Amino acid sequence: MIPLANPVPYIAVIGLVLVGLFAVVFKRNLIKIVIGITIIESGVNLFLITLGYRENSIAPIYTSSPGGLMSLPVPQALTLTSIVIGVAVLALMISFIVHIYRHYNTLDASKIRGDEE
Amino acid sequence: MNDILSILVNHSPALIVAVPLFGAFLTPLVGMINDKLRNVFVIFITLLTGFFAVILVNEVFTNGIKTYCFGAENPSVNPVVRIFFEVDGMSAFMALIAVILPIVAVIYSWGFAKEETGQSKYYTLILLMTAGILGMVLTGDMFNFFVFLEITSISSAALVAFWTNKKNSVQAAFKYIVISSIGALMVLFAIAIFYGQYNALNMAVIANSIGFGFLDKIALVVLIAALTMKAAIAPMHMWLPDAYSGAPSPVTVVIVGTTLASLYGVFRVVFTIYGKQFLTILRSFGDFAVTPSLIIGVFIVVLAVLTMIIGVFMALKSNNFKRMIGYAAVAEIGYMILAVGSAISTYFIPTGTTTVTMAEHGKMALTGGIFHMINDALDIGLLFLVAGAVYYATKETSLNKLGGLSRKMKYTTVFFLIGLFAVSGLPPMNGFASKLIIYQSTYQVNPVLAIVAILCSIMLLAVFVKVFHSAFLGPEISSIKNVKEVPRSMLIAMGILAALIIFFGLFPEFVITNIVEPAKNALLNSSEYISAILGGV
Amino acid sequence: MSKRNFAAVIFFTIVAVFLFFTALMMHPFGIFDDNNQPEMDDRIIDNSQTETGANNAVTGVVFDYRGFDTLGEATVLFTAVAGVILVFRRLKK
Amino acid sequence: MSGMSKIVKTIASLAFPFVMIYGLYIIAHGHLTPGGGFQGGAIVASGAAMILVAYGSVWTMGKVKEKHLSTLESTGAIVFIGTAILGLLFAGVFFNNFLFDSNLIFNIVPTGGSTVGILNSAGTLPIMNFAVGLKVVAGLFAIVLVMAYATTKMGGNEK
């Protein structure tokens with residue numbers, strides 16, 4: 001029996017991942033490929049955060065908290081880490097693109113080939 | 001004295017990663033003072049890391065699995081909340097590979113990178129790459145594995161683009177970082193699935209509670225796809241020759257380590273995390289039972305054959321020294337996973353449906369495969385260093401523009417011959433020792449595999465004989481008349497690798513019993529890995 | 001060209017179908033029943049104040065329970081900065 | 001980029017101190033309220049990036065060298081890993097929260113449950129927060145600065 005209780009957040013995650021994957025697989029512009037990777041990353045981050053939600057819960061912070069059930073802290077920490085990693089990768093990818101544009105004068109992936117000499 | 005040593009041994013899993021990280025953070029500051037001081041400092045850091053690796057490996061091989069918890073002396077194990085490092089035989093084996101390569105690369109760089117700008121960042125990134133590989137192979141936590149995977153891929157991509165004035169390097173770096181960041185995101189996706197199901201991130205905990213439902217299968221497929229992508233197994237091998245040939249040679253030597261570390265990730269996932277599920281019978285046809293291990297094994301063997309053949313044929317076609325070695329590296333990866341795939345498909349078969357001898361062959365294949373990992377690192381590393389030396393002396397990598405180097409560069413020629421013999425599996429070198437085991441065992445599994453493997457070896461020999469003929473023999477080419485032998489530091493680095501190759505070739509038994517056997521036993525014994533964390537040892 | 005596109009479409013569709021089923025099979029959103037209690041997180045929520053002294057459990061996780069991850073993450077940023085500066089350096093001395 | 005109009009420059013320099021104070025607050029209260037080293041560092045770095053956009057990368061490069069940022073970043077990283085190593089020296093475990101429960105600084109243990117929050121608590125966490133904050137400020141700003149400077153200096157097509 002498939003548990004069908006409210007899978008909408010997960011479907012949103014999959015939607016984001018697929019949009020990103022679509023850009024990576026079908027687009028030729030390097031900037032668009034990078035945007036696709038960033039969207040996949042947002043999808044995965046959303047997945048992690050989604051896993052941490054608990055019904056009727058508050059943020060896991062005790063400072064002046066009203067009390068009650070708390071949502072899970074570990075996915076939030078993981079997402080934080082993964083966001084920073086995403087920024088780092090993005091910065092490096094963009095700097096490679098700058099150099100690629102200087103060499104080839106184009107951003108079309110099908111025209112960017114290494115020489116076989 | 002003994003006290004200090006035992007403290008160091010106790011903390012070696014943490015220190016082995018902390019030392020290169022600390023060194024990497026300090027390198028830019030030291031680099032502002034003096035170039036020579038910085039080089040000495042970096043070599044010192046790599047040697048210190050090597051020292052910690054040796055005492056850690058010694059400890060693991062004598063006393064079994066070593067765990068280290070970050071942040072607490074008496075951590076709670078039920079549930080596991082903190083990050084654990086878990087070093088078993090296989091991790092220790094990989095740690096050895098991971099510390100040998102940077103030492104060689106850093107010594108080589110002293111001469112090789114003397115003329116370049118941005119050396120401080122270059123050495124920083126090499127140290128970071130070392131730390132990343134070590135973290136990947138030592139950690140016992142899935143998310144930690146992901147973080148270190150990213151460290152290695154970012155630092156190696158940046159170093160691939162070291163020569164930003166070359167088209168090939170920059171586009172190879174972009175290709176490499178796209179592949180590796182997609183791979184890393186897939187790993188993260190699988191981690192999220194595990195976390196959602198088992199509320200755990202520790203590998204041992206996941207391995208203990210794993211089932212084989214739909215989500216587990218998805219996670220397995222995603223993990224294997226991501227890590228084989230990073231390990232350059234066909235059909236995702238295309239980035240490897242580009243990246244290997246685009247990067248400066250000493251960097252390539254360390255990148256070989258990152259590729260092997262990704263391969264280690266595949267082994268860890270398949271053997272340890274899913275090890276308990278190997279014998280679940282999915283469907284049986286009379287006497288013949290289909291198990292996950294059989295499916296995974298056959299799948300890996302098919303990929304392996306594809307990888308070997310593609311690698312060898314592309315190497316035959318290529319006309320660039322470094323690209324050729326890159327394709328040979330692809331083929332060598334094929335050998336490793338050929339052995340491991342046949343091991344998986346034969347060793348783990350439910351009792352009653354197989355004979356004991358078949359399992360023995362599987363075990364032997366695994367020994368060969370693991371032994372070949374370290375041999376591959378040494379052989380391919382040496383060949384790339386030779387190609388780097390040729391490039392340093394002539395500024396050329398195209399075979400058409402090289403010739404008659406043997407008269408001017410005697411030592412380099414000798415090192416190339418050693419590498420040639422080793423990579424094409426001729427005796428007395430290490431490549432022969434491991435490939436012989438692979439041939440023997442895969443022949444028992446399926447003769448066709450062994451025949452393909454032998455044919456590929458012969459063609460690899462042909463490839464490198466061609467290189468030897470056109471680059472080192474023959475008439476001198478006028479454009480490279482005033483070539484000189486490379487600086488001493490580069491010769492020393494090549495000498496270290498060559499000495500290890502000959503040593504491994506002359507005493508394979510010694511190496512197998514002391515290093516390879518513990519690694520193999522660790523892979524085959526996933527319950528020990530689990531109980532080291534959960535079961536109070 | 002179109003053959004390659006066709007293969008890409010097939011690949012994309014297969015991935016989409018499998019991911020969709022993954023979404024359906026995940027545990028229900030926001031609901032933790034008896035055999036699916038988040039033991040690790042509950043332990044952190046209960047003890048983070050007394051074990052780390054931090055009121056913010058997330059900071060407790062980031063810097064104490066999983067502090068080594070944060071070191072790795074800081075290292076990733078350091079690596080990226082080093083990489084960017086390396087890539088944009090002057091090539092001639 | 002030679003900088004924007006005088007209005008933008010004035011507004012940016014007026015807003016910069018507030019952004020900075022907000023970022024520092026986020027870093028300092030990381031162990032009590034939502035936020036921490038990364039988030040606060042990102043805020044301060046974006047404030048610095050605002051100055052960069054307003055005044056142009058050439059002017060900014062004249063004031064701040066990437067070498068200094070690199071030093072600052074290394075310092076942050078060394079403080080971070082140094083705190084972890086001090087845990088090894090004082091408490092015998094790498095990454096131990098050795099200040100917590102000691103009689104030095106940041107040593108107040110909150111009583112469980114909902115509290116107002118005391119700044120002087122949480123052991124090594126605030127130190128690590130500051131180290132990471134320093135690192136993130138220097139790192140992100142270095143990335144932005146180097147990219148902006150390199151692309152203005154060398155133009156689009158020059159090799």
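Predicted model: local features only at pLDDT ≥ 70, side-chain atom pairs only at ≥ 80, totals over all residues.
Q: Where in chain B is B:Pro428 found?
A: B:Pro428 is found in the loop between helix H15 (410-423) and helix H16 (430-445) of chain B, where helices (H or I, at least four residues) and strands (E, at least two) are DSSP runs numbered from the N terminus. Residues are numbered from 1 along each chain as its sequence is written, and chains are lettered from A and ligands numbered from 1 in the order in which they are written.

Q: What makes chain B as compact as a globular protein of its length?
A: The radius of gyration, taken over C-alpha atoms, is set against a globule rule of 2.2 Å times the number of residues to the power 0.38. Chain B, with 20 helices and four strands, has a radius of 22 Å, close to the 24 Å that the rule gives for 537 residues, and therefore it is as compact as a globular protein of that length. Its C-alpha trace spans about 70 × 55 × 45 Å along the principal axes.

Q: Why is chain C called more spread out than a compact globule?
A: Chain C has four helices and zero strands, in the order α-α-α-α along the sequence. Its radius of gyration is 23 Å, well over the 12 Å that the globule rule gives for 93 residues, so chain C is more spread out than a compact globule. The box that its C-alpha atoms fill, taken along the principal axes, is roughly 60 × 55 × 15 Å.

Q: Why does A:Ile49 count as partly exposed?
A: A residue is buried if 20 or more other C-beta atoms, placed from the backbone, lie within 10 Å of its own, exposed if 12 or fewer, and partly exposed in between. A:Ile49, in helix H2 (residues 30-51) of chain A, has 18 C-beta neighbours inside 10 Å and therefore counts as partly exposed. Leaving aside its neighbours within four places in sequence, A:Ile49 is in contact (C-beta atoms, placed from the backbone, within 7 Å) with A:Pro75, A:Gln76 and A:Thr79. The C-alpha atoms of A:Ile49 and A:Thr79 are 6.9 Å apart, although 30 residues separate the two along the chain.

Q: What makes the phi of A:Asn56 and that of A:Asn105 worth a remark?
A: A:Asn56 has a phi near 55°, a positive value in a residue other than glycine, and A:Asn105, likewise not a glycine, has a positive phi of about 60°. A:Asn56 sits in the loop between H2 and H3 of chain A, and with 8 other C-beta atoms within 10 Å it is exposed. A:Asn105 belongs to the segment after H3 of chain A, and its 10 other C-beta atoms within 10 Å make it exposed too.

Q: How do you know how far helix H17 of chain B reaches against what is expected?
A: The expected span is 1.5 Å times one less than the number of residues. H17(B), residues 447-472, has 26 residues and reaches 37 Å from its first C-alpha to its last, close to the expected 38 Å. Among its buried residues are B:Leu449, B:Cys456, B:Leu460, B:Val463 and B:Phe472. B:Gly474, with a positive phi near 80°, follows the helix.

Q: What is the make-up, by class, of the side of chain A that touches chain C?
A: In all, 40 residues of chain A are in contact with 39 residues of chain C, and H3(A) gives the largest share of the chain A side, 13 residues. Ala, Val, Leu, Ile, Met, Phe, Trp, Tyr, Cys and Pro count as nonpolar, Asp, Glu, Lys and Arg as charged, and the others, Gly among them, as polar; on these terms that side has 31 nonpolar, seven polar and two charged residues.

Q: Which residues touch chain D from chain B, by class?
A: There are 14 residues of chain B in contact with 15 residues of chain D, and the chain B side divides into ten nonpolar, three polar and one charged.

Definitions and conventions:
Contact = placed C-beta atoms within 7 Å.
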